[in-house]
Amino acid sequence: MTDNENRGRILLSLTGWAPDVWLKQLAEAAPHRKTVVEPEGDSDPSIEYAVVWKPKPKVLGKLPRLKAIFSVGAGVDHVFSDPDLPDVPIVRVVSPDLTARMSEYVVWQVLDHHRLGPRYRQQQMDRIWEEDRDQPAASDITVGIMGLGELGTDAAAKLRCLGFKVSGWSRTAKSIEGVTCHAGNTGLGPFLATADIIVVLLPLTPDTREILNKELFAKMTRRGPLGAPILINAGRGGLQNEADILSALDAGQLSAVTLDVFHQEPLPADSPFWSHPKVTITPHSAAASMPASLIGPMVAQMDAHDRGEPFKNLVDRKAGY
Ligand code: NDP
Ligand code: OXD
């Protein structure tokens with residue numbers, strides 16, 4: 001028996017993502033472990049770790065020696081949707097690479113709206129030369145971030161460097177230098193009353209499902225320098241009520257939206273979002289999980305756990321993220 005066969009195996013279970021590059025990285029980072037894409041038989045005792053994105057339902061529950069599930073995404077709603085999820089630790093991605101990518105996306109989209117990107121692209125298509133002389137300064141704009149976790153906190157810092165006023169909303173109270181922090185149900189109203197651009201970096205949990213709905217839009221300010229606020233959702237599609245977003249755009253409660261995530265992905269060809277003039281769409285690509293930066297730390301955690309060390313970046317099952 002080789003050393004590979006002596007160590008607990010890894011199950012790689014990905015839906016919608018090609019496994020090859022992940023398998024290559026796993027082979028390089030974990031030459032002492034074998035990685036398989038399917039368990040053997042109905043109950044496979046050789047698998048000790050699972051690396052997953054939208055794992056096939058009911059598979060993880062049939063691994064009697066599973067020690068932990070590693071999500072290759074920062075969000076773990078895709079893991080919790082398994083009806084037979086075994087009661088083992090779930091480790092999520094916290095990575096400087098992923099965080100930097102998300103902050104790039106947030107800064108890009110905030111600046112694009114702030115500097116009238118959608119309008120100028122339309123003007124170019126229509127061959128119209130029309131300057132905007134009322135461009136507000138970044139310091140006139142409050143960017144409100146829903147979700148002040150790993151991603152929201154970094155995005156807040158980068159937006160502050162550009163001169164924006166930044167506020168944030170989280171489940172538990174926070175204190176972040178230069179950021180006006182609000183928390184919980186009581187903090188939501190004051191947060192919404194002052195944010196001109198709202199960036200959503202929340203996890204999808206039972207508490208946040210469809211939180212972006214008409215009641216929330218009604219509480220947003222419409223008196224800021226941009227008029228009605230702009231919404232940027234890079235969290236999860238399940239956070240938004242899509243019919244309410246369309247109604248709010250048409251009623252002028254929202255002036256524009258950028259959506260990276262949708263209830264149904266890929267977004268169906270007949271979705272009204274595709275052709276709506278106030279909607280910018282990106283295909284769930286705000287911050288891609290890159291195997292080259294994620295697999296090494298995952299395998300290091302597996303080895304550390306086998307030496308008796310605790311996991312880092314554990315998901316709180318009760319909170320759902
Ligand atoms: P974290 O767990 O680090 O942060 C989550 C934040 O949301 C925390 O501040 C948390 O509050 C807050 N939160 C959770 N529940 C509530 C609630 N009910 N009310 C108010 N605030 C709440 O997650 P990350 O920052 O790492 O990631 C955030 C999400 O971004 C992921 O869950 C994923 O869905 C999404 N994502 C999307 C990507 C894309 O490409 N589109 C890529 C990567 C991530 P508290 O601080 O009090 O715990
Ligand atoms: C993530 C994602 O959660 O890619 O990391 O959506």
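User: How does Asn313 count at its 31% relative accessibility?

Analyst: Asn313, at 31% relative accessibility, counts as partly exposed, a class that sits between buried (under 20% relative accessible area) and exposed (over 50%), using a 1.4 Å probe and protein chains only. This is a predicted model, in which local features need pLDDT of at least 70 and side-chain atom pairs count only at pLDDT 80 or more, while totals for chains, interfaces and linings use all residues. Residues are numbered from 1 along each chain as its sequence is written, chains are lettered from A and ligands numbered from 1 in the order in which they are written, and side-chain values use heavy atoms, with hydrogens and water left out.

User: And where is Asn313, and what is its phi?

Analyst: Asn313 is in the segment after helix 10 (291-306), where helices (H or I, at least four residues) and strands (E, at least two) are DSSP runs numbered from the N terminus. Its phi is positive, about 60°, although Asn313 is not a glycine.

User: OK, what about the phi of Glu210?

Analyst: Glu210 is also not a glycine, and its phi is positive, near 55°. Glu210 belongs to the loop between strand 9 (197-200) and helix 8 (214-218), and with 29% relative accessibility it counts as partly exposed.

User: In that loop, is Leu212 buried or exposed?

Analyst: Leu212, which lies in the loop between strand 9 and helix 8, is buried, with a relative accessible area of 0%. Leaving aside neighbours within four places in sequence, Leu212 is in contact (heavy atoms within 4.5 Å) with residues including Met146, Val200, Phe217 and Leu231.

User: And which residues does Thr205 touch?

Analyst: Thr205 lies in the loop between strand 9 and helix 8 as well, and is buried at 7% relative accessible area. Not counting residues up to four places away in sequence, Thr205 touches Ala319, Gly320 and Tyr321.

User: Switching topic: which residues of helix 2 are buried?

Analyst: In helix 2 (residues 20-29), the buried residues are Trp22, Gln25 and Leu26. They cover an arc of only 100° around the axis, which puts them on the same side of helix 2; the arc is that of the directions from the helix axis to the C-beta atoms.

User: What sits on the other face, and what covers the buried side?

Analyst: The face turned away from the buried side of helix 2 carries the exposed residues Asp20, Lys24 and Glu28. The cover over the buried residues of helix 2 includes strand 1 (9-14), strand 2 (35-36) and helix 10.

User: Now the ligand: what surrounds ligand 2?

Analyst: Ligand 2 is surrounded by Trp53, Gly73, Ala74, Gly75, Arg236, His284 and Ala287, a residue being near a molecule if one of its heavy atoms lies within 4 Å of it.

User: Which distances go with its oxygen atoms?

Analyst: A polar side-chain atom of His284 is 2.6 Å from an oxygen atom of ligand 2, a polar side-chain atom of Arg236 is 2.7 Å from an oxygen atom of ligand 2, and a polar backbone atom of Gly75 is 2.8 Å from an oxygen atom of ligand 2.

User: How much of ligand 2 does the protein cover?

Analyst: The protein covers 89% of the 210 Å² of accessible area that ligand 2 has on its own, with areas taken from the Shrake-Rupley method and a 1.4 Å probe.

User: Last one, where is the cis peptide bond?

Analyst: The cis peptide bond joins Glu265 and Pro266, with omega about -5°, and Pro266 lies in the loop between strand 11 (256-259) and strand 12 (279-281).

Definitions and conventions: A polar contact is a pair of N or O atoms within 3.5 Å; within protein, one must be able to donate a hydrogen and the other to accept it, and residues adjacent in sequence count only if both atoms are side-chain atoms.
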